[in-house]
Amino acid sequence: MTTPLHGLLEQDPVVATAGAGMFAEALREQAVVVSEADWRPPPEESVEALGRVLADRRRAEANTLALQRMTAAGADLVDVRPAREALGLERGTFLHAGPPIAWERASGPLRGALVGAVLFEGLADTPEEAEQQLAAGVHALEPCHHRDAVGPMAGVVSPSMWVYELRDEVHDHTSWCSLNEGLGKVLRYGAYGPEVIERLHWMNTVLGPLLQQAVRARGPVDIKAVIAQMLQMGDEGHNRNRAGSLMLLRELLPTLITADGSSADIAEAVRFSGANEHFFLNLGMPACKLSTMAAEAIPGSTVVTTMARNGTDFGIRTAGTGDRWFTGPANTPEGLFLGSYGPDDANPDIGDSAITETAGIGGFAMAAAPAIVKFVGGDVPFALQATQTMYEITVGEHTAYQVPILEFRGTPTGIDVAAVVRTGILPQINTGMAGRVAGTGQVGAGLVNPPAECFTAALEALAEQPEA
């Protein structure tokens with residue numbers, strides 16, 4: 001007489017399945033608990049390239065090195081100064097988020113931000129004149145990433161704007177990011193009305209110089225440590241930065257209130273910074289940029305070092321292919337909208353802020369910030385699943401950034417192009433949504449994935465890289 005299998009088990013079985021869903025459905029009909037892997041075969045046209053990349057003897061060691069460098073990278077706030085001084089930006093040169101793009105293909109929010117930056121720099125008297133100059137190619141456009149900088153949303157940085165300067169002393173790297181304007185009608189969302197330009201001038205004449213004094217008087221601020229702590233306090237570092245912003249203000253407040261400035265200016269700087277929930281985002285981004293910079297130029301590595309969007313294209317770069325961009329059409333986020341705005345008002349994905357996911361936080365750390373779903377949509381189980389799924393396409397876990405609800409497991413870090421193509425799982429990104437029409441500003445926030453073709457193109461290039 002044969003003993004039934006369930007009679008040999010001390011508890012009910014849990015079956016893991018992958019591939020066709022019919023097997024999982026049949027098991028569920030028999031009251032069996034099923035853990036179904038989100039797996040699908042790689043695209044037929046990528047099978048050969050995937051085989052060559054997976055067979056590359058350098059890959060395992062190269063990816064281990066990339067992860068080690070990423071997690072070892074430091075990120076200290078050391079200064080605040082004008083972009084012309086920090087980045088060597090010449091008059092008439094404007095940085096933007098995402099891969100390279102010309103004015104003709106620029107999205108509405110990017111065009112709006114560029115128009116606003118030209119007005120802010122005093123290079124045009126009206127929006128129409130600024131737009132004519134940009135269309136005629138009078139001004140130079142360049143990605144922030146080409147100067148080791150990052151910019152949220154439209155990401156436009158002009159020579160007069162002040163930027164945070166962060167240092168990674170471990171690998172001798174520096175990165176920069178503009179100051180955060182707050183939410184609503186702001187330049188980074190493509191708005192350029194008089195209130196936007198007035199705020200930028202105040203940030204230049206009051207906020208920037210006061211923050212410079214505060215940082216220089218205090219000394220370096222360990223931004224990496226702040227990120228590690230904010231993940232323990234309910235932030236994920238991309239669309240939720242409440243704890244990080246308050247911790248940063250705590251570090252700067254003693255020297256900020258004693259800076260050389262009028263009491264009214266200092267009070268307004270403190271009020272503006274304290275009321276801005278995304279005050280910290282513009283420091284978390286360059287900290288993540290320093291992490292990914294540390295993994296650059298590693299032959300054989302399939303780790304992604306850049307994910308960035310300009311509102312038209314989504315682009316990635318990898319450790320094994322240097323500065324080469326692999327692009328595809330940017331997808332439009334899905335999520336929650338402000339006021340009367342709806343899906344038709346949203347522009348396709350835009351901004352360098354996906355550098356947070358590239359470094360292992362943001363959408364990859366959603367499980368640490370379940371409250372984020374109130375801002376971007378979804379639910380708490382989705383937030384937990386998002387982080388757990390990202391472990392399937394990354395090479396390891398971060399040693400400093402941990403998720404309390406997952407028993408303090410390190411965040412999934414080091415996106416592996418080969419794993420993305422092999423599994424069909426795309427990186428999860430939390431993001432804001434800019435209005436499609438230039439000058440609109442923010443219309444909402446949501447969730448988005450990169451286009452798959454970025455990763456298949458990168459895989460093909462990696463497959464062509466000769467082994468040493």
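Let's start in a loop: Met 153 sits between β6 (149-150) and β7 (162-168). Keep in mind that this is a predicted model. From there we'll hop to another loop residue, then to a sheet.

**Loop residues with positive phi**

- As background, most residues other than glycine have a negative phi.
- Is Met 153 buried or exposed? Its relative accessibility is 4%, so Met 153 counts as buried, the cut-off for buried being under 20%.
- Asp 172 also has a positive phi, near 60°, and isn't a glycine either.
- You'll find Asp 172 in the loop between β7 and β8 (173-178).
- Asp 172 counts as exposed because its relative accessibility is 56%, and exposed means over 50%.

**The three-stranded sheet**

- Here's an open sheet of three strands, in the order β13-β18-β17, with antiparallel pairing.
- At its edges are β13 (334-337) and β17 (429-434), each pairing on one side only.
- On average, neighbouring strands of this sheet are turned by 25° against each other, ignoring direction.
- In general, strands of a sheet pair through backbone hydrogen bonds, either parallel or antiparallel.

**Where β17 meets β18**

- How many bridges join β17 to β18? There are six, and the two strands run antiparallel, with β18 covering residues 442-448.
- For a spot to look at, take Ala 434: its bridge partner in β18 is Gln 442.

Methods
Residues numbered from 1 in each chain as written. Predicted model: local features only at pLDDT ≥ 70, side-chain atom pairs only at ≥ 80, totals over all residues. Heavy atoms only, no water. Helix = DSSP H or I, 4+ residues; strand = E, 2+ residues; numbered from the N terminus. Buried < 20%, exposed > 50% of the residue type's maximum accessible area, 1.4 Å probe, protein only. Pairing = 2+ DSSP bridges. Axes fitted to C-alpha atoms, helices over the stretch in contact; angles between N-to-C directions.
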